[in-house]
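Please keep the picture open while you read, and look up each residue as it comes along.

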Amino acid sequence: MNKEKPILIGHTIYLRNPLDEDIKEGNWHDWYNDMQITKYNMHGVYPITRDKELEYINNNKNKKSNITLAIIEKNGDRLVGNISLCNIDLINRNCNLGLTIGEKSSISTGV
């Protein structure tokens, strides 16, 4: 597993805090400029730069009302997507959920 400690570990994936390198070097940034990947969420309407995406993620790290986690495939520690809980309301116990799967799984494709 990556140097960042996992938050939640499943059978085939684990969730961890996003790293700057996920956005700077990985495909994270590309997902949010791909209308096919983002057609069911609020992202992807306007182009976004790597710097703006990194700024957005880093600004949300300290907010108690938002959590964004990277989805990592255990087989190869490959970043495949991310999940966000936004507008977390602890009193009314609700939030908005955002899920982006940007990569095909090697588990389902046999790659």
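Lys52 is partly exposed, with a relative accessible area of 48%; partly exposed is the range between buried (under 20% relative accessible area) and exposed (over 50%), computed with a 1.4 Å probe and protein chains only. You are looking at a predicted model, in which local features need pLDDT of at least 70 and side-chain atom pairs count only at pLDDT 80 or more, while totals for chains, interfaces and linings use all residues. Residues are numbered from 1 along each chain as its sequence is written, and side-chain values use heavy atoms, with hydrogens and water left out.

## Charged pairs

Which residue forms a salt bridge with Lys52? The partner is Glu55, and the closest N and O atoms are 3.9 Å apart. A salt bridge here is a side-chain nitrogen of Lys or Arg within 4 Å of a carboxyl oxygen of Asp or Glu. Side chains of opposite charge can pair when their charged atoms come close. Glu55 is partly exposed too, at 41% relative accessible area. Lys52 and Glu55 are three residues apart in helix α3, so about one helical turn separates them. Helices (H or I, at least four residues) and strands (E, at least two) are DSSP runs, numbered from the N terminus.

The whole structure holds four salt bridges, and three of them are set out below.

| Pair | N to O distance |
|---|---|
| Lys52 and Glu55 | 3.9 Å |
| Arg50 and Asp30 | 3.9 Å |
| Arg78 and Glu73 | 3.3 Å |

Take the pair of Arg50 and Asp30, whose side chains meet in a salt bridge. Arg50 lies in helix α3 and Asp30 in helix α2, so this pair ties together parts that are 20 residues apart in sequence. Arg50 is partly exposed at 30% relative accessibility, and Asp30 is partly exposed at 37%.

Arg78, found in strand β4, counts as partly exposed at 28%. Between the C-alpha atoms of Arg78 and Ile13 there are 9.2 Å, although the two residues are 65 places apart along the chain.

## The faces of helix α3

Helix α3 covers residues 50–60, and its buried residues are Glu53, Leu54, Ile57 and Asn60. Seen down the axis of α3, these buried residues fall within an arc of 135°, so they line one face of the helix. The arc is taken from the directions that run from the helix axis to the C-beta atoms. What lies over these residues? The cover on the buried residues of α3 includes α1 (20–24), α2 (28–31) and β3.

Another residue of helix α3 is Asp51, which is exposed with a relative accessible area of 61%. Its C-alpha atom is separated by 21 Å from that of Ile101, which is 50 residues away along the chain.

## A buried threonine and its neighbours

Strand β3 runs over residues 67–73 and includes Thr68. Thr68 counts as buried because its relative accessibility is 14%. Which residues does Thr68 touch, not counting those up to four places away in sequence? They are Asn17, Pro18, Trp28, Ile57, Ile83 and Ser84, where touching, or contact, means heavy atoms within 4.5 Å. Ile57 is also one of the buried residues of helix α3. With Ser84, Thr68 makes a polar contact between side chains at 3.0 Å. A polar contact is a pair of N or O atoms within 3.5 Å; within protein, one must be able to donate a hydrogen and the other to accept it, and residues adjacent in sequence count only if both atoms are side-chain atoms.

## Surface and backbone

Ile67, Leu85 and Leu97 form a nonpolar patch on the surface, with about 260 Å² of accessible area together. Such patches are made of residues with over 30% relative accessible area and no salt bridge; nonpolar side chains (Val, Leu, Ile, Met, Phe, Trp, Tyr) are joined within 5 Å, and like charges within 9 Å. The areas come from the Shrake-Rupley method with a 1.4 Å probe, and for residues, only the protein chains shown count as cover. Leu97 sits in strand β5 (residues 94–101) and is exposed, with a relative accessible area of 59%.

Finally, turn to the backbone. Asp77 has a positive phi of about 50° although it is not a glycine. Asp77 is placed in the loop between β3 and β4 (78–89) and counts as partly exposed at 31% relative accessibility. Asn87, found in strand β4, also has a positive phi, near 55°, and is a residue other than glycine.
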